[in-house]
Amino acid sequence: MYAIVEIAGQQFKVEHGKKIFVHRLEFEEGKEVEFDKVLLIEDEGKITIGEPTIQGAVIGGKILDNKVRGDKVIVFKKKRKKGYRVKNGHRQNFTQVEIISINGVNSPRREAPKKAEAKVTDVTVAEETTKEKKAAKKPATKKAETSVKKTASKKVAEKKPAEKKPAAKKTKGKE
């Protein structure tokens with residue numbers, strides 16, 4: 001289950017338990033918040049799209065950290081031949097939010113039940129199947145290795161040392 005939600009003017013794809021960094025929110029650390037501008041919700045293949053938002057849909061989150069700073073961005077302006085140069089730096093403040101519920105569902109993705117594995121009671125049958133698997137793997141690897149060796153030896157055989165020619169003498173003066 002995932003959702004597309006608008007937080008602080010930007011859209012984020014959120015899932016249960018996912019941690020996201022959003023532009024600075026004015027909430028205390030540890031406080032739970034709700035985001036109601038939900039644009040899309042996908043639940044087990046069923047997609048609900050809002051026009052522009054889904055009525056009654058809410059994303060629950062918890063503020064983990066309010067003092068996160070982003071990477072420095074350099075803003076450099078220049079006008080050539082005029083001697084105008086301005087260099088500024090900027091670091092954006094972020095808030096880290098953990099998604100704890102999507103549309104009231106606060107459980108992680110539901111897992112499909114695991115199929116019960118068939119137990120082998122006869123040991124000889126299990127040993128035969130493992131021997132067959134090993135036998136099937138060995139020839140394939142040997143063939144691959146030998147073909148690589150043959151192609152490598154052909155390439156080596158094709159390359160012959162170049163014969164050295166005597167260098168031409170350069171003469172100085174007028175001819």
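Two residues are in contact here when they have heavy atoms within 4.5 Å of each other. Keep that in mind as we walk through this structure, which is a predicted model.

Let's start with isoleucine 20, which sits in strand S3, residues 19-23. Set aside its neighbours within four places in sequence, and isoleucine 20 is in contact with Ile7, Phe12, Val14, Thr95, Gln96, Val97 and Ile99. Is isoleucine 20 buried or exposed? Its relative accessible area is 6%, so it counts as buried, the cut-off being under 20%.

Next, the strand pairing. Strand S7 covers residues 59-79, and strand S8 covers 84-102. How many bridges join S7 to S8? There are 16, and the two strands run antiparallel. If you want a spot to look at, find phenylalanine 76, which stands opposite lysine 87 in S8. S7 also pairs with strand S4, residues 32-35, again in the antiparallel sense, this time over four bridges. Over on that side, glutamate 34 stands opposite glycine 60 in S7.

Now for the backbone angles. Most residues other than glycine have a negative phi, and most peptide bonds are trans.

Take the hairpin of S7 and S8, which has four residues between the strands. Lysine 81 lies in that loop and takes a positive phi near 65°. Lysine 81 has a relative accessibility of 75%, so it counts as exposed, since the cut-off for that label is over 50%.

Alanine 8 is another case, with a positive phi near 55°. Where does alanine 8 sit? Its place is the loop between strand S1 (2-7) and strand S2 (10-15). At 44% relative accessibility, alanine 8 is partly exposed.

Finally, check the omega angles. A cis peptide bond joins glutamate 51 and proline 52, with omega at about -5°. Proline 52 belongs to the loop between strand S6 (46-49) and strand S7 (59-79). Follow the chain on from that loop and you come to S7, the strand that pairs with S4 over four bridges and is joined to S8 by 16.

Terms used: Residues are numbered from 1 along each chain as its sequence is written. This is a predicted model: local features need pLDDT of at least 70, side-chain atom pairs count only at pLDDT 80 or more; totals for chains, interfaces and linings use all residues. Side-chain values use heavy atoms; hydrogens and water are left out. Buried means under 20% relative accessible area, exposed over 50%, partly exposed in between (1.4 Å probe, protein chains only). Two strands pair if DSSP finds at least two bridges between them.
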